Amino acid sequence: HFLTGVSYRLFGLTLRVSRLLPGLEPATHAGSPDITVEIAGGSAPWPSIPAANWVPAAPPLPVWRTKAEEGDYIFLARGRRHGPREWGIGFMVNPTGSRIWCGQTTDVPIRGITPVLLGPGFGCALRQRRRVVLHGAAVAVNGRAVVLLGARGAGKSTTALAMVRQGATLLADDMAVLFTALVAFLFYGER
């Protein structure tokens, strides 16, 4: 793992990223990273995995999976063309979800990486870490988390905003992460 970079706290985890991500506030006193993120141009090369080894993991989504000795790697692409070697922004996640490699074509600025990294890219890393990741908004009402699920455009964020205006607390606006501790579900949102 690289020792330099910028640390962030998200979903109860510490990320150490090789470059400053516009739009995010760096963490102070973040401690050891749970996940390291290497953005192209850094010192850590991508794992060498032949393109022929990748198989679609979630058609029609641009997500591929491949098996390696240490476990399954995930590759996620976002762009106009899809495929393990053709993309605008691509992320590869190691089997334990502790490392993310990010690459982008020259027409994608660094500010374009942040939302894709924190949405689908980070979601893949959390899934590799055996977390339940839900595409939805979440609010706290009377000390309990309420997760609003639905397809894109269904009104999850709009409903969450309406609930916040009525006194609820916004926990997450696009990705809600659950994991079990003993017999209870714990919830981590973006905030």
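Residues are numbered from 1 along each chain as its sequence is written, and side-chain values use heavy atoms, with hydrogens and water left out.

Let me begin with confidence, given as pLDDT, the predictor's confidence in each residue on a scale from 0 to 100. The protein chain averages 81, and 83% of the residues score at least 70. Among its elements, helix α2, residues 156–165, has the highest mean pLDDT at 94, whereas strand β13, residues 184–188, has the lowest at 52. Where pLDDT is low, the predicted coordinates should not be read in detail.

The chain has two helices and 13 strands; these are DSSP runs numbered from the N terminus, with helices being H or I of at least four residues and strands being E of at least two. Of its 191 residues, 42% count as buried, where buried means under 20% relative accessible area, exposed means over 50%, and partly exposed is in between, with a 1.4 Å probe and protein chains only. If we take contacts, meaning heavy atoms within 4.5 Å, then among those with a sequence separation of 6 or more, 42% join residues 24 or more positions apart.

What, then, makes up the largest nonpolar core? By nonpolar core I mean a set of buried Ala, Val, Leu, Ile, Met, Phe, Trp, Tyr and Cys residues joined through side-chain atoms within 4.5 Å. The largest one has 31 residues, and those touching the most other members are Ile35, Val37, Phe91, Ile100, Leu117 and Phe122. Among the elements that give two or more residues to this core are β3 (35–39), β7 (89–93), β8 (99–104) and β12 (175–181), together with helix α1. Helix α1 supplies the largest share, eight residues. Apart from this core lies another, of eight residues, including Trp54, Trp64, Tyr73 and Phe75.

Arginine 129 is buried yet has no salt bridge, and the nearest side chain of opposite charge, aspartate 34, is 4.4 Å away. Not counting residues up to four places away in sequence, arginine 129 touches Leu13, Asp34, Ile35, Thr96, Gly97 and Ser98.

Where do we find salt bridges, and how many are there? A search of the whole structure finds two, and Arg65, Lys67 and Asp72 are linked in a network of them. Arginine 65 pairs with aspartate 72, the closest N and O atoms being 3.6 Å apart, and lysine 67 meets aspartate 72 at 3.4 Å, N to O. Arginine 65 counts as partly exposed because its relative accessibility is 30%, whereas lysine 67 is exposed, with a relative accessible area of 68%.

Glycine 71 and asparagine 94 are 23 residues apart in sequence, and their C-alpha atoms are 8.0 Å apart in space.

Finally, two backbone positions. Most residues other than glycine have a negative phi. Phenylalanine 11, in the loop between β1 and β2, has a positive phi of about 50°, and asparagine 142, in the loop between β9 and β10 (144–149), also has a positive phi of about 50°. Are these two residues buried or exposed? Phenylalanine 11 counts as buried because its relative accessibility is 6%, whereas asparagine 142 counts as exposed because its relative accessibility is 79%.

Methods. Predicted model: local features only at pLDDT ≥ 70, side-chain atom pairs only at ≥ 80, totals over all residues. Lys, Arg positive; Asp, Glu negative; His and termini not counted. Salt bridge = Lys/Arg side-chain N within 4 Å of Asp/Glu carboxyl O.
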